[in-house]
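Subject: Structure handover

Hello,

Here is the structure you are taking over. Please open it beside this email and follow along.

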Amino acid sequence: MPTEPTAFSGFGLGLRREHYADFVEGGVAVDFVEIISENYMVDGGRPLATLDKVRAHYPVAMHGVSLSIGRAEGLDDGYLRRLRDLADRIEPLWVSDHLCWTGTNAHTTHDLLPMPYTREALDLVCRNIDRAQDALGRTMLFENPSSYLAFPEDEMREWEFIAEMARRTGCSLLLDVNNVYVSAHNHGFEAEDFLAGLPADRVRQMHLAGHTPGEILIDTHDRPVCDGVWDLYARAVERFGHAATMIERDDDVPPLTDLLAELDVARGFASAVERRAA
């Protein structure tokens, strides 16, 4: 039986190369750091040695981009072994990935490709989640991706698919607030309907990030969180409580002080919601 993640709340940042030295020294005002799992699924070398030093100071959440939980051919045994080895080494808060597929046995795209929200796809994803959680011995978190197209074969809304996936597998959820905002704009649904449709007791972590504006919003992680995403985050905190929250920045990475200031804004929104609820 996979073990559930330990209850944890706090505010964190992604561990990026530009800020390695700061986190190795310790003293950065965060409650946890999140790593891209694939960057450390190696036998040794500088990245893994750096991660060991960071782990000595901070709890670590593992976040992957290549599990490909929606892959029709099933999951890669070698990938699962390397992911398990890393998890056993650093004892993370939890292991997460995305509700998507990234390729086939013949080709890997390194893109987070959208799933059709059909009963057949739901059965496939649930089988793959069961296998992944058994292989890791841990309950995983799965993140809602941003998307730019929908399939005519869809039989349910995205949040209905995710809620049923969580119910059937026992997995937990990583709510990416920016992705909800982006997909709601691109597909014309109400972001509040998405939040209301998720099982509140399964949301363990929330992501915040920036996107590129335009007729179609693009999830780029290359700029600060916009006002609309902050407003949606406040409503998410009202519904899901004080789940662990992280600022994602993967391109045009600013100085650490800028990200810490943005994280303080998240703390402020969460505190304001808690005061209103008290």
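This is a predicted model: local features need pLDDT of at least 70, side-chain atom pairs count only at pLDDT 80 or more; totals for chains, interfaces and linings use all residues.

Residues are numbered from 1 along each chain as its sequence is written, and side-chain values use heavy atoms, with hydrogens and water left out.

Salt bridges

Side chains of opposite charge can pair when their charged atoms come close. A salt bridge here is a side-chain nitrogen of Lys or Arg within 4 Å of a carboxyl oxygen of Asp or Glu. By this rule there are 14 salt bridges.

One of them joins Arg202 to Glu4, at 3.4 Å from N to O. The two residues lie 198 residues apart: Arg202 is in the loop between α7 (191–197) and β9, and Glu4 is in the segment before β1 (11–14). Helices (H or I, at least four residues) and strands (E, at least two) are DSSP runs, numbered from the N terminus.

Glu4 also forms a salt bridge with Arg204, at 2.8 Å from N to O. Arg204 belongs to strand β9 and is 200 residues from Glu4.

For accessibility, buried means under 20% relative accessible area, exposed over 50%, and partly exposed in between (1.4 Å probe, protein chains only). Arg202 is buried at 15%, and Arg204 is buried at 18%. Glu4 is partly exposed at 41%.

A further salt bridge connects Glu238 and Arg276, at 3.3 Å from N to O. Glu238 sits in helix α8 and Arg276 in helix α9 (residues 256–277), 38 residues apart. Arg276 is exposed, with a relative accessible area of 57%. Through shared partners, salt bridges join Glu4, Arg202 and Arg204 into one network.

The histidine

Where is His211 placed? His211 is in the loop between β9 (203–208) and α8 (227–240). This residue is buried, with a relative accessible area of 8%. The side chains of His211 and Asn178 make a polar contact of 2.7 Å; such a contact is a pair of N or O atoms within 3.5 Å, where within protein one must be able to donate a hydrogen and the other to accept it, and residues adjacent in sequence count only if both atoms are side-chain atoms.

The helix pair

Helices α2 (residues 46–55) and α3 (residues 77–90) pack at about 35 degrees, with axes 11 Å apart. Axes are lines fitted to C-alpha atoms, for helices over the stretch in contact, and angles run from 0 to 180 degrees between N-to-C directions.

Regards
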